[in-house]
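Here are a few notes to read alongside the model.

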Amino acid sequence: MNLPLKSRLLNDPDTQELIQCLPQIQTQLCQSQQDAVFLRKFFRGRDIQVIMKLYRRLCLVTAQRLRPVTKSSVALAANTYCVLRHYREQAEAEELLNLLSKPHMQALLYSHDNIALKEYEPDISSLAGTPDKEEETIKLVQLVKSNEPLGITLQLNDVTGGIEIARILHGGAAHRSGLINVGDEVKEINGITFHGKDPKDMTQILSELQGAVSMKLGTRTRLAKDQRSSSTKVRALFDYNPFDDQMIPCPHAGLSFQKGDILYIVSQEDPLWWQAKKAGETRAGLIPARLLQERREILKNAENVEEESNRRGARSISPCRISPKSVRSRRVRKMMYHAVLNSDFDLGEIPTYEDVELLPPNSKTKRPLVLIGAPKVGRNELKRRLMVSYPGHFEDVVPFTSRPKKPTELDGVEYHFITRDEMESALVAHRFIEHGEFKGNLYGTRKDSILSVINSGKVCVLTPNSQALRFLRTAEIKPYVIFIKSPPFQQIQRTRQRHNAVFVFEGNARPFMSSDFDDIVQTSIKLEQKYCHLFDSVIINENLTKAASELITIAKLAETKSHWVPVSWV
Ligand SMILES: Nc1ncnc2c1ncn2[C@@H]1O[C@H](COP(=O)(O)OP(=O)(O)OP(=O)(O)O)[C@@H](O)[C@H]1O
């Protein structure tokens with residue numbers, strides 16, 4: 001049976017074949033005349049004829065298409081390069097290495113991969129309907145990577161399984177290119193597929209890439225989040241090495257620093273990982289944000305407190321140790337608390353970052369010098385030497401006491417003599433930066449005594465216990481803190497014995513013993529561990545003359561140069 005079809009469609013061999021089969025189908029399948037009419041109409045319909053034509057075209061394209069041998073010749077060449085480097089002594093290998101390193105060759109391979117990666121199938125979507133407006137676009141970015149990292153970190157998108165750009169580090173190669181955005185999905189880099197892989201593995205691969213880096217990125221229509229910039233400067237209160245950090249998204253993107261380093265925070269976009277750089281550096285790196293570091297420190301402190309309490313159980317230490325009157329000074333020495341184990345201060349502090357600013361020198365009000373150190377390390381000896389170096393320039397403060405005045409003493413010279421009641425009410429009003437009790441009498445240093453030296457235009461020199469730092473480090477006082485550090489055991493023993501140094505306790509002087517040196521060294525180590533983030537300078541008190549001259553130099557610098565201080569002091 002012949003069906004009247006338009007000649008245009010009759011020329012289509014597939015349609016013709018189908019129509020020729022119709023009588024057979026009709027005989028075998030159609031039970032009723034009505035069904036046969038329906039089938040005839042269906043096959044004569046325009047839609048089925050277009051579909052058949054399309055199908056034939058697709059079959060032709062598939063059969064004729066030239067397929068590339070590889071879609072990742074750049075990666076192949078890179079691998080070959082790495083292998084061949086070990087055979088440089090062979091002329092052929094050297095020649096091939098030369099060839100592969102030529103920019104033209106690399107560009108050729110890169111173009112090859114680009115073409116190979118494009119699927120030149122017929123655009124079915126244009127036949128089927130309008131394309132999806134939400135569909136991502138692919139961009140190809142080429143960067144040249146030297147020894148510096150690309151400056152990106154990766155993260156897994158749990159929904160799509162893709163690996164996305166989590167951060168772009170300020171000043172890094174990716175940032176400078178201006179072509180990469182946070183949220184872009186990394187499809188491929190140098191022919192290596194990223195989708196579905198572990199971001200850590202891919203980060204490692206990224207760090208090993210050298211030379212031209214070809215990135216195929218999927219980018220959505222949504223705008224990448226702006227990287228919030230920040231002009232905060234902080235002093236690091238802890239040491240940090242990204243390669244020791246299990247949590248950092250990419251150790252190569254991290255910035256290592258040491259306690260006391262000043263860091264410029266360039267982005268706080270991520271609540272857990274900030275981007276920071278050091279002074280004079282252009283490239284930023286990742287550092288743990290304050291929030292993250294605080295959490296870590298709280299955990300660490302909890303462990304330390306437990307260890308400490310176990311240790312203390314074994315050897316009990318008096319929390320209040322009072323040192324006696326010095327044979328050299330007419331004033332009672334005021335080491336009233338054990339300097340290491342008063343936990344009030346320690347528990348209140350979580351050393352992460354301190355916001356800082358540069359404080360310029362002020363010729364009218366000079367910053368007090370605060371010498372911190374282990375008992376008997378030599379702070380008062382150094383203070384004395386400093387004060388005689390420029391008579392009238394430095395001044396120490398006169399402490400208060402509830403002890404009755406002796407006939408040989410003058411009020412306001414050795415001490416300010418006040419009653420116990422007056423002393424106690426001043427203590428309640430927090431007027432003392434440190435205080436203690438010795439043989440039933442109260443002794444202490446008042447804050448207003450320090451302020452009056454500062455306001456007199458002189459440089460106040462203090463040797464308080466380390467806990468007093470908490471009350472001294474205020475915008476009002478702005479102390480410059482110098483740690484007088486003990487040298488190791490053998491050196492402290494040698495220098496003190498050579499100098500016939502005396503250990504003064506409860507008014508009695510005796511030579512130093514081995515255990516005294518051991519105490520000084522150990523306490524010094526503990527003090528440094530606990531408070532080094534508060535020190536502006538450190539002097540090792542080994543050779544007395546040298547240490548004193550260092551102190552004089554530091555005192556001059558403290559007075560004449562700008563220094564980083566807590567931002568609230570400026
Ligand atoms: N570098 C040094 N070399 C030799 N002897 C030193 C040195 N430094 C200090 N001394 C001596 O050590 C002794 C203790 O020093 P000093 O009294 O200054 O200690 P301190 O830290 O002020 O003690 P305290 O904490 O009791 O106030 C003194 O006899 C002092 O002369």
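1. A quick definition to begin: a polar contact here is a pair of N or O atoms within 3.5 Å. With that cut-off in mind, take Val-502, where a polar backbone atom sits 3.3 Å from an oxygen atom of the ligand. Please remember that this is a predicted model.

2. Two further contacts belong with that one. The side chain of Lys-376 places an N or O atom 2.7 Å from a ligand oxygen atom. On its own the ligand has 630 Å² of accessible area, and the protein covers 96% of it.

3. Which elements give two or more residues to the shell around the ligand? They are helix 13 (379-389) and helix 17 (489-498). Helix 13 provides the largest share, three residues.

4. The ligand has 19 residues around it, and those coming nearest are Lys-376, Gly-378, Asn-380, Glu-381 and Asn-541. Sorted by class, the shell holds seven nonpolar, five polar and seven charged residues.

5. Now to the largest nonpolar core, which has 47 residues; Leu-369, Ile-450, Leu-472 and Ile-482 touch the most other members. Elements that each supply at least two of its residues include strand 12 (369-373), helix 13 and helix 15 (447-455). Helix 19 gives the largest share, seven residues.

6. A separate core of 21 residues has Ile-163, Ala-174, Val-186 and Ile-189 among its members.

Technical notes. Residues are numbered from 1 along each chain as its sequence is written. This is a predicted model: local features need pLDDT of at least 70, side-chain atom pairs count only at pLDDT 80 or more; totals for chains, interfaces and linings use all residues. Side-chain values use heavy atoms; hydrogens and water are left out. A residue is near a molecule or strand if one of its heavy atoms lies within 4 Å of it. A polar contact is a pair of N or O atoms within 3.5 Å; within protein, one must be able to donate a hydrogen and the other to accept it, and residues adjacent in sequence count only if both atoms are side-chain atoms. Accessible areas come from the Shrake-Rupley method with a 1.4 Å probe; for residues, only the protein chains shown count as cover. Helices (H or I, at least four residues) and strands (E, at least two) are DSSP runs, numbered from the N terminus. Ala, Val, Leu, Ile, Met, Phe, Trp, Tyr, Cys and Pro count as nonpolar, Asp, Glu, Lys and Arg as charged, and the others, Gly among them, as polar. A nonpolar core is a set of buried Ala, Val, Leu, Ile, Met, Phe, Trp, Tyr and Cys residues joined through side-chain atoms within 4.5 Å. Buried means under 20% relative accessible area, exposed over 50%, partly exposed in between (1.4 Å probe, protein chains only).
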